[in-house]
Amino acid sequence: MNAANQAFAGRTLKTMVLRLLAQQGRMYGYEITQAVEEQAGGAMPLLFGALYPVLHKLEEEGLLTTQSQEVDGRRRKYYWLTRSGAETAGGSGAQSGRFADRVRLLIRPVPDGLFTGL
Amino acid sequence: MNKLSHPQLDHIAQHIRSTRPDPALYDELVDHVASLIEQRMAGGQAFPAAFDGVMQQANAQTLDQLKQLYRREFTALPATPVVRRVRSRRRPAPRPLWYTLLAFLTVMGCLVAVSQPLAMPVAVFRTVGAVGGAGVMSLLLVRWWLARRPRKRGRFVLA
């Protein structure tokens, strides 16, 4: 995948994450991967190495906020939208017509070979 | 869904730690891998088989790539050069010659100023003034002499 496609896939995944969190409220990493797979009908396994950089980038940009809590003996980090994140997610809803097409293109984002089937 | 026991979680955590992941990612990796293993165990696999299956995907190479990605994307630039630049602006390099000249003039000014209230003739300070003045003049002369000669590059650089 070239740099342009990677950037495109990254933006698409960001949009997906924002929309999911707008729908669900708060979610954690594994839960997001499952939801993305479910939305894509199992046709698009979300790569392990793709999700967390995107989540952390969104957090850094102030679109997400987090809280860690202990669940089943381990630390779990939950994400939800900030106000500006909700505004961004709302704005991205207008593009939902093209969204499904973009999702299909979300194959193997950076870096290649990272943890498929998650 | 099957919940992992503490020893099983410790086993996962130990494996993840051995790959030295980015600290920002560690907790989430453990939780993610544990969730995947639980999912496989719910499908009927035993822990060792589920662990091995997940770890084939989350192998050291994969986690190392992720670590490199985090290093590139999230590591802040070192702040040291900025601090140095700010400091150098705030605190200019010391100039000993000018400090010496200023100190000499200040001392002489003070001596002249106190001479009248203490009823001391200014001539008392003539010797001190002459010696100090000669010293400052010689310093200025040496400085001028050194400045007019071209400096040799690398003169003080150790081989």
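Reader: At roughly what angle do the axes of α2(B) and helix α3 of chain B cross?

Author: In this predicted model, local features need pLDDT of at least 70 and side-chain atom pairs count only at pLDDT 80 or more, while totals for chains, interfaces and linings use all residues. Residues are numbered from 1 along each chain as its sequence is written, and chains are lettered from A and ligands numbered from 1 in the order in which they are written. Axes are lines fitted to C-alpha atoms, for helices over the stretch in contact, with angles from 0 to 180 degrees between N-to-C directions. The two axes come within 9 Å, and they cross at roughly 130°.

Reader: Which word describes how α2(B) and α3(B) lie to each other?

Author: Angles under 35 degrees count as roughly parallel, over 145 as roughly antiparallel, 65 to 115 as roughly perpendicular and the rest as oblique. The crossing is at roughly 130°. The two helices are therefore oblique.

Reader: Which residues of α3(B) does α2(B) meet?

Author: Contact means that C-beta atoms, placed from the backbone, lie within 7 Å. From α2(B) come Val33(B), Leu36(B), Ile37(B), Arg40(B) and Met41(B), and they meet Phe47(B), Ala50(B), Phe51(B), Gly53(B) and Val54(B).

Reader: How many helices does chain B have?

Author: Helices (H or I, at least four residues) and strands (E, at least two) are DSSP runs, numbered from the N terminus. Chain B has zero strands, and its helices number seven.

Reader: Which element gives the largest share of the side of chain B that touches chain A?

Author: Here 22 residues of chain B contact 23 of chain A. On that side, α1, α2 and α4 of chain B each supply at least two residues. The largest share, eight residues, comes from α2(B).

Key
Contact = placed C-beta atoms within 7 Å.
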